[in-house]
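Please take a walk through the structure shown below.

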Amino acid sequence: MPSSTSNFDFQRPVPDLPWRGLVLAVVLLTTVATVAWEIRARSLGYRPSLNDTSDLWADQRQAVKPDSIVIIGDSRALFDNDLDTLQQGLGQRPVQLALVGSCAYPVLENLANDETFHGTVIASVVPLMWFAPPPSPPYHNSQRALKRYAHRTLAQRSGHYLSMWLEEHLAFMNADLKLEPLLDDVPVSPRAAFHPTPVLPPDFATIDRDRRTRMWESCNVPGPLQERVKNGWLPVFTPPPPPPYVPKEAFAAGMAKAMAARFADTITAVKKIQARGGKVVFVRYPVSGELKKHEDQLTPRVGPWNGLIKATGAPGIYFEDYPELAGFTCPEWSHLSAGDSVEFTKRLLPHLQQALAP
Amino acid sequence: MLFNSLTFVVFFVLVLSAYWTMKSWPARKNLLMVASYIFYGAWNPPFALLLFATSALDFYLGARIAAASGPGSRKAWMITSVTVNLSMLGFFKYGNFLLTNFEWTLSKYGVAYHPPVMDVFLPIGISFYTFHSLSYTLDVYRGVCQPTKSLRDFVLAVSFFPQLVAGPIVRAADFLPQLVNAPVLRSGQFYWGLLLMTLGLFEKIVLADLMLADASDAVFGFAGPLLPLDAWAGVLAFSGQIFFDFAGYSTCAIGAALCLGFSLRDNFRFPYAAVGFSDFWRRWHISLSTFLRDFLYIPLGGNRSGPVRAAINLMIVMFIGGLWHGAAWTFVVWGLIHGVLLVLERLVKSVTKDAAWTEAFMTKLLVGLFTYAAVCFAWVFFRAPDFLSAGKIVAAMTGRIPHGVGVAVLSALSLWKVGIVIAGLLLAHSLLRNTSVEAVVGRMPRWLVAGLWTLMLGAIILTQGNGNAFIYFQF
């Protein structure tokens, strides 16, 4: 009978190999391969920089205080706002909660349901993103970040801090250079029956720990990266066709219903924040070129934007209404360059101050 | 804490360094116990108290069983242990499930009862550590193991971090004896442990998460009708994903334990090369199937009371096995499908006896393929969130969808990834079904071992991982 007072006789076998030499060879080979990959990453133009992960977002969400100024919305709010300039003009450093390719409504709802929050929300509105219904990718992106914030464990938090340290020192830690996106570039004959979901363009920005995001200079000037990013926007900003198993009329009715619900939910969220003494201001950030034409055609200003401002009663700043804001050109159609974002923020400040004045 | 996280890498290096630096064996055991509670508490610190309470209670009850004067009192203490352990498991894991079913049953008799939904958070790995702990009192009761006098040793046996949250389900009778004397590392044991950990992480991070998870998620998460090819690819992808995920965890656990000087038994033996369903369960989640065999099937009478009673016993065991995996009827159906397959296999075997043709290569090949196909069919119910989704996938797999309605949800690249990985998986299992990883690696040329190890490490570094939890954590 196995007893707890004697040693057990079961022992896992160990292969008979010259282990020390083997381990030395593996360590050497892995080190050489890793260094070579780092050199290759830098030769491709990548530099050590943080990845914009749900953990980085959760850090910022956690930094929100009851009276904070919070920026929410899509990537335009992320690229086009200079946090230093806003801090100087508004008296406190805003918390950057905008998310690439996201619908900001879940974040607005989260702040509205936070009974302690009575601060200010600067909300970027790109109608195709704001009204994206669940379970679309923009809605999912916000939900994923919120879920991380709500359920983050101690282990995940420490892993995030270790990862940030590595990302700030190694270029190959960039999300573009993971095995998954590299495999996606393997040339395979496409499948005729499959209609892919548009994917976001490759990385073209750096992000700080407080999520200040700056466009790379290589994307600011005409060239292959700028073209690649530009070409990615039109599919991303085109709503998917109805699935074949849903009648078109039913699909259209469902979308209209979802949009009406989003209007109503947004009004409710804004009123909740206002009722606690908080403020919400909607901002439409610059967009250029073919993408602007595309957005204006799909979501004319008289539709979602005007409707949202009227229904919520919150102030709105539409870049085209002001010559000093309308004169910027987005190099890749959707975002301002790092330099322009500072100037744009300086010019946006007086409008924000006016909108937020008591 | 996840094995596939930077936090664990730092944690493990620190624990290993301190463990092999310390001289005193009791101090090293204290270190392991504290480390195990940090490992567990890093998810949700308060649940570490529940883990301790379970262990402390079974330590006490084990001593009472051993000290009991008569068989009646021994049995009473054993039943107390079973009842308390299963009640805790039932409250946390099955509370809402039972309430929902109770409500549904009453509604069938016209009684409108709406109990409040309990906002209960499931302690991670509760099914595993409950069985770790329960195995002790059951083995003490059966006389298979003597009770330990050290609460610290028992707490460590239950909480030992490599196997704490997702197995293998290590019996206290297997682990407690290893705590008596300080382990002495055999030649190569530490490095072999590291190689097994690399293999396990490669299975999880690269094969399960990178190559298969997206295809499986896309198919099982799709609300509309699927094309047959997509449905099959999604199900095959899940068959590979769950194997690499779970076997990857077990391999990591075995490797980590080896680095610390402990030996854990195999939890998987190339299950997709199984010829028949009883063979499958001798190869899949071995620690659970042997637990259910020893503590449920045999006490129910096993096959000692005739074929009909044995069939009923098998169905009961597989019903419980299904329910152990999750509080949903889909898991129960998954278990019952396996139960029916095991009963049918016995029936067929009783007819064919030991006929020579049953041992022929072609027969075994066909039976092996049928076994894998049936196991995949059962996985549909395991993975699908509800019966509606499972029905849609089965309909697509059997071509029962109207022409022109099915949707392709997988890209050509996804199909290639699934095809290559699953073909490689089946080939590897077929070639290795009668051997072990240790034997295969021992026969390999050194350059090949070094090359494969480097490739796995390189792929892990390149993939970087996305911190996905292991599937079996939820159980």
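Leaving aside neighbours within four places in sequence, Leu212(B) is in contact with Leu207(B), Ala237(B), Gly240(B), Gln241(B), Val418(B) and Val421(B). Two residues are in contact if their C-beta atoms, placed from the backbone, lie within 7 Å. The model is predicted: local features need pLDDT of at least 70, side-chain atom pairs count only at pLDDT 80 or more, and totals for chains, interfaces and linings use all residues. Residues are numbered from 1 along each chain as its sequence is written, while chains are lettered from A and ligands numbered from 1 in the order in which they are written.

Leu212(B) belongs to the largest nonpolar core, which has 142 residues; Leu212(B), Ala157(B), Ile393(B) and Val418(B) touch the most other members. A nonpolar core is a set of buried Ala, Val, Leu, Ile, Met, Phe, Trp, Tyr and Cys residues joined through C-beta atoms within 7 Å. A residue is buried if 20 or more other C-beta atoms lie within 10 Å of its own, exposed if 12 or fewer, and partly exposed in between, with C-beta atoms placed from the backbone. Helix 8 of chain B supplies the largest share of this core, 20 residues. Helices (H or I, at least four residues) and strands (E, at least two) are DSSP runs, numbered from the N terminus. Both domain 1 (6-99 + 122-179) and domain 2 (189-474) of chain B give this core at least three residues. A second, separate core has 58 residues, including Cys103(A), Ala104(A), Tyr105(A) and Leu108(A).

The bounds of the two domains of chain B come from an automatic or database domain assignment. Their C-alpha centres lie 27 Å apart. Where they meet, 22 residues of domain 1 of chain B are in contact with 21 residues of domain 2 of chain B. On the domain 1 side, helix 1, helix 4 (71-108) and helix 5 (126-142) of chain B each supply at least two residues, and helix 5 of chain B gives the most, with four residues. That side divides into 14 nonpolar, six polar and two charged residues. Here Ala, Val, Leu, Ile, Met, Phe, Trp, Tyr, Cys and Pro count as nonpolar, Asp, Glu, Lys and Arg as charged, and the others, Gly among them, as polar.

Chain B also touches chain A. The contact takes 58 residues from chain B and 50 residues from chain A. Helix 18 of chain B gives the most to the chain B side, with 11 residues. By class, that side has 34 nonpolar, 19 polar and five charged residues.

Chain A holds 16 helices and seven strands. Of its 358 residues, 35% count as buried. The C-alpha trace of chain A spans about 75 × 55 × 50 Å along its principal axes.

Some backbone details remain. Most residues other than glycine have a negative phi, and most peptide bonds are trans. The peptide bond from Pro134(A) to Pro135(A) is cis, with omega near 5°. Pro135(A) is found in the loop between helix 6 (127-130) and helix 7 (137-151) of chain A. Trp333(A) is not a glycine, yet has a positive phi of about 80°. Trp333(A) is buried, with 24 other C-beta atoms within 10 Å. In chain B, His285(B) has a positive phi near 45° and lies in the loop between helix 10 (277-281) and helix 11 (286-297) of chain B.
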